Every structure is written in C-alpha cells, then in structure tokens.
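Biologist: Can you walk me through a few loop residues here? Start with any terms I will need.

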Amino acid sequence: MKRSRVFFLYAFVCVSIAASANAHYLWVSVDRAPDASAGTNIYFEEAAKPGDGHYLDHFLGKSEVWIRTIEQPSPAPIAAEEVNAGDNRWMRVALPDSEEYSVDAYGKFGVYAYGTKKVLLHYYARNLRVESHDAMHELGRAEQMDLDLVPHENGGEIEFTLLWKGESVADRMVFVRGPNGLRKNMKTDAKGKIELELPSKGELILRSSVEFSAPGEESGEAYESIRHNITLVMPLETETRSGN
C-alpha cells in the first residue's frame, strides 16, 4: 500500500514538472538585427524565441497588437502577419519607429484542459524599452489591456504593480528573471507591488497571472475558471535615470 502511494506521488510530481516545463505564454521580442528575424516578433512559446508555433492558430487573425511611442502614445491596433522559417512559426509586426516604445499584445487562446479542470485562457504580452524616468511614466501603463504589469523607477530600485482592470492585485506570484543569474519568485504585497534592485543593463523578464472561478462556455465548450496571463520583457541597454 505504501509503495503504491509513493509511486502515485512520484508519478504526480513528474507530470506536474512536465506540465510546468511545457507551459506556453505570449511573448513580444523586438529585434533590430539586419537578418531574417528583424522585426517585432510575437511568439506563443515557452520563452521569447522561435518555436514550432504549434498553438499559433489560436492567435492568428484574432490577436491585437499595439505599438506606442513618446511621439505617438495612444494605442492604435495593428495587424500581425504569420512568419514561417524552417520548422518555426510566429507572428510579426513592424519595428517601432522610436528607440523608446511599448509594444503590447493580447490574444484569447480558448478553453484548455488541465487534467479534469477546464480553463478559459487569455494572454497578454509587453516589450517595454525606455531610457528615462519620464518615458517610463508615459509608456509604463498599457491602459488598453485588462491585465498589466506597470513599472515605476525610483533611483536604483524599480517596482512593478500588477493591475487587473486598473485595480491592484495582491498576493499573486510574479516570476522574475534577469541578467547575472537574477531569478526571483515574489508575491505582490497588499498594494499589488513587488520591488527589485534595478539592473544597469541586460533584460528583465516578468510573468504573472490572475484567475477567477467563473463557470461558462466558449465556442460550445464549458469551462470552470478563467485565467489571464501576462509577460513583460524590459530591455535595459541604457541605464534608466531617476526622476520625480
């Protein structure tokens, strides 16, 4: 009996690890290199890089993408096109016409089964590059998106606020990855915030989510809850300067 229980626990852990390792998210990557990958690339993969695009059909022709700059801060939706390169598949829009920008994307995946639990999945993604406190203030909030991770820089520290429809979300995990092996898993505080030391260069990558128990039906398929996932990529090639 004990051996059977141990085996069951081992199998459960293995399945859980495999499911976690294979998790896909929506990502935005801005690549200005003069080669085939140049452009604002939108992936639905485990990381912000090309993959086989197995689930891309859930987003092609259905997702929304916005490019905002200091000169044009209002979100205007643009259509993404499909890209095929060898065995890889993703979506692409034009490059931002400014060195400081926020590229924001949203797509609804549909219903997905996690074991016996069916969840309606929504995905949000951002790529935010700013060189000054003022630019971060102007572009940091993507007001057109229901779920957002909003940065605020203060000297050598940076805080992020998780917002759902403009309201802060407390007690949610935020997974942070960055330069020099930075790896933190943090919970938002009572005001929906986490705080980090600001790297002077490299790239910060954050991921979080909110989930609601809200049974319903999507395209004829029933679900038990709704989960919204967000990723934020922040290139930090130039040190952000503080301000008030």
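Modeller: Exposed means over 50% relative accessible area, buried under 20%, and partly exposed in between, with a 1.4 Å probe and protein chains only. Lys165 has a relative accessibility of 54%, so it counts as exposed. This is a predicted model: local features need pLDDT of at least 70, side-chain atom pairs count only at pLDDT 80 or more, and totals for chains, interfaces and linings use all residues. Residues are numbered from 1 along each chain as its sequence is written, and side-chain values use heavy atoms, with hydrogens and water left out.

Biologist: Where does Lys165 lie?

Modeller: In the loop between strand S10 (157-164) and strand S11 (167-168). Helices (H or I, at least four residues) and strands (E, at least two) are DSSP runs, numbered from the N terminus. Lys165 is not a glycine, yet its phi is positive, about 50 degrees.

Biologist: How far apart are Asp146 and Lys165?

Modeller: They are 19 residues apart in sequence and 4.6 Å apart in space, C-alpha to C-alpha. Asp146 sits in the loop between helix H2 (133-139) and strand S9 (147-154).

Biologist: What does Asp146 touch, leaving out residues up to four places away in sequence?

Modeller: Tyr124, Leu163, Trp164 and Lys165. Contact here means heavy atoms within 4.5 Å.

Biologist: Why is Asp146 called partly exposed?

Modeller: Because its relative accessible area is 34%.

Biologist: Switching to Ser219. Which loop is Ser219 in?

Modeller: The one between strand S15 (203-218) and strand S16 (221-235). Ser219 has a positive phi of about 50 degrees, although it is not a glycine.

Biologist: Buried or exposed, Ser219?

Modeller: Exposed, because Ser219 has 75% relative accessibility.
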